[in-house]
Amino acid sequence: MADAQELPDAAPVLELLNGFRKSKVLFTLVSLGVCDLLQLGPQQQQQQQQHAANTASSSSPTASAAAAAGNSSSSSRHTLSLQQLARLLSKEGAEPSHDGLGRLLDAAVSLQLLGGSRDGYYLTDLAHTYLTRDSQHSLVGYIIHSDSLLYKLWGDLETAVVTGSNCWSCAFGLDSADVFASVYSNDAAVLRFMRGMHGLCQLSAKPVLTAFDLTCYNMLVDLGGATGALAAAACELYPRMRAVVFDLPGVVTKAQQHFAAAPGVQGLGDRVSWVAGDFFAESQEAGLPAGDLYVLSRILHDWEEARCLKLLRLVYSRLPVGGALLLCEMLLDESGTAPPEVLLQSLNMLTQTHGRERKLSEYSHLLEAAGFRRIQGRKTGSYLDAIIAYKDAAEPQAP
């Protein structure tokens, strides 16, 4: 038997073993609304009670009050004790277990999501920025989406690996052919997903939009752009640019209702607009809005090669000569074994879609097959990378 000193360090394995536990601490902290309560502070709890009647359509009992309170500055740090939080989180007069809640909050402190102790917890700058619902940079939507859907799909990862198919059927009893059936099953689910995508988009919009010089383009068409976060960022970065967001009718309605006045989008109403449609519809050839720069952000990774090629050919047919297509996706290294976050995202695609993450060479092959030329890719250092491809003048025919 080998001496224990000769064994490799088990720390990486133990870190992986604890990974799902850390995620669940984050999910539970957000789903309970702890961060929103800490943002409000003790002086605003009466306001929360006054707004409680308006929270029936919210995903958390604290959402409406947090929105009403405005975006608190992290410099005005509020603290709440374990007893205060338990009282505020009570349902029908029953408080959560002080022991259980205390363990959750202490774990959150150890993960640097909260500060303080049982006598008084407070938000870290990290939590204030990303874990409160009314923050301009909130990731709450995607966290709730991850907890309610993705966590369950990943629970059937072994099935997905063995069958090579997504997990909607075994996890939720839904038709695996319609990969967005659950995401778009009801209004609350659609809004939750849209809020999640909105937050993620804000993390990477500027890096992908500045990876290449886009100053020569006048009209951007964001296919599947949902809330308009990327379109608005493009208009902010390029003053002469206008943008159209093209998405499904139900998504467009909710985007106009809930996101047109969001920070980063508000004030650009004359330059950002929405058009409803389905870019996979058979009659869509002439239905895409006209533009000289099309964007597909996190669209192609949902689909198999044949469907990707169909969409790319449609975009190519609608572009004028000299126009371009910007892809915003996570890029695998050409080795296919890095970066780890992209490989994990590719497994995420396996559990829930028909697609996967790809290398630049694989995207280049698809783009060239659709007619595009002068293809370039850039790693941005953010959540998403960027690829640009151009529609050049037709090559002269050989005599």
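Predicted model: local features only at pLDDT ≥ 70, side-chain atom pairs only at ≥ 80, totals over all residues.
Trainee: Which residues of α1 are buried?
Mentor: They are Val 25, Phe 27, Leu 29 and Val 30. Buried means under 20% relative accessible area, exposed means over 50%, and partly exposed lies in between, using a 1.4 Å probe and protein chains only.

Trainee: And what covers them?
Mentor: The cover of α1 includes α2 (34-40), α6 (98-110), β1 (114-117) and α8 (140-154). This rests on contact, meaning heavy atoms within 4.5 Å.

Trainee: What follows α1?
Mentor: Gly 33 follows α1, and its phi is positive, near 85°.

Trainee: Which residues other than glycine have a positive phi?
Mentor: Among them are Gln 112, at about 65°, and Arg 298, near 55°. Most residues other than glycine have a negative phi, and most peptide bonds are trans.

Trainee: Where are those two found?
Mentor: Gln 112 is in the loop between α6 and β1, and Arg 298 is in the loop between β6 and α14.

Trainee: Is Arg 298 buried or exposed, and what about Gln 112?
Mentor: Arg 298 counts as buried because its relative accessibility is 13%. Gln 112 is exposed, since its relative accessible area is 58%.

Trainee: Which peptide bond is cis?
Mentor: The bond from Ala 338 to Pro 339 is cis, with omega near -10°. Pro 339 sits in the loop between β8 (331-332) and α15.

Trainee: How do α8 and α15 cross?
Mentor: Their axes come within 10 Å and cross at roughly 70°, with α15 spanning residues 340-352. Axes are lines fitted to C-alpha atoms, for helices over the stretch in contact, and angles run from 0 to 180 degrees between N-to-C directions. Therefore α8 is roughly perpendicular to α15, as angles of 65 to 115 degrees carry that name, while those under 35 are roughly parallel, those over 145 roughly antiparallel and the rest oblique.

Trainee: Which residues make that contact?
Mentor: Tyr 142, Leu 150, Leu 153 and Trp 154 of α8 meet Leu 344, Leu 347, Asn 348, Thr 351 and Gln 352 of α15.

Trainee: New topic. Which residues touch the most other members of the largest nonpolar core?
Mentor: Leu 105, Leu 223, Phe 279, Leu 296, Leu 311 and Leu 325 do, in a core of 68 residues. Its largest share, seven residues, comes from α8. A nonpolar core is a set of buried Ala, Val, Leu, Ile, Met, Phe, Trp, Tyr and Cys residues joined through side-chain atoms within 4.5 Å.

Trainee: What is Leu 105 in contact with?
Mentor: Setting aside neighbours within four places in sequence, Leu 105 contacts Leu 29, Val 34, Leu 82, Leu 85, Leu 114 and Tyr 121. A second, separate core has 44 residues, including Ala 205, Ala 211, Leu 230 and Tyr 390.

Trainee: Which residues of α14 are buried?
Mentor: Cys 308, Leu 309, Leu 311, Leu 312, Leu 314 and Val 315 are buried in α14. Their cover includes β3 (219-223), β6, β7 (324-329), β9 (358-359) and α16 (360-370).

Trainee: Finally, how many helices and strands does the chain have?
Mentor: The protein chain has 16 helices and eleven strands, and buried residues make up 46% of its 399 residues.

Note on methods
Residues numbered from 1 in each chain as written. Heavy atoms only, no water. Helix = DSSP H or I, 4+ residues; strand = E, 2+ residues; numbered from the N terminus.
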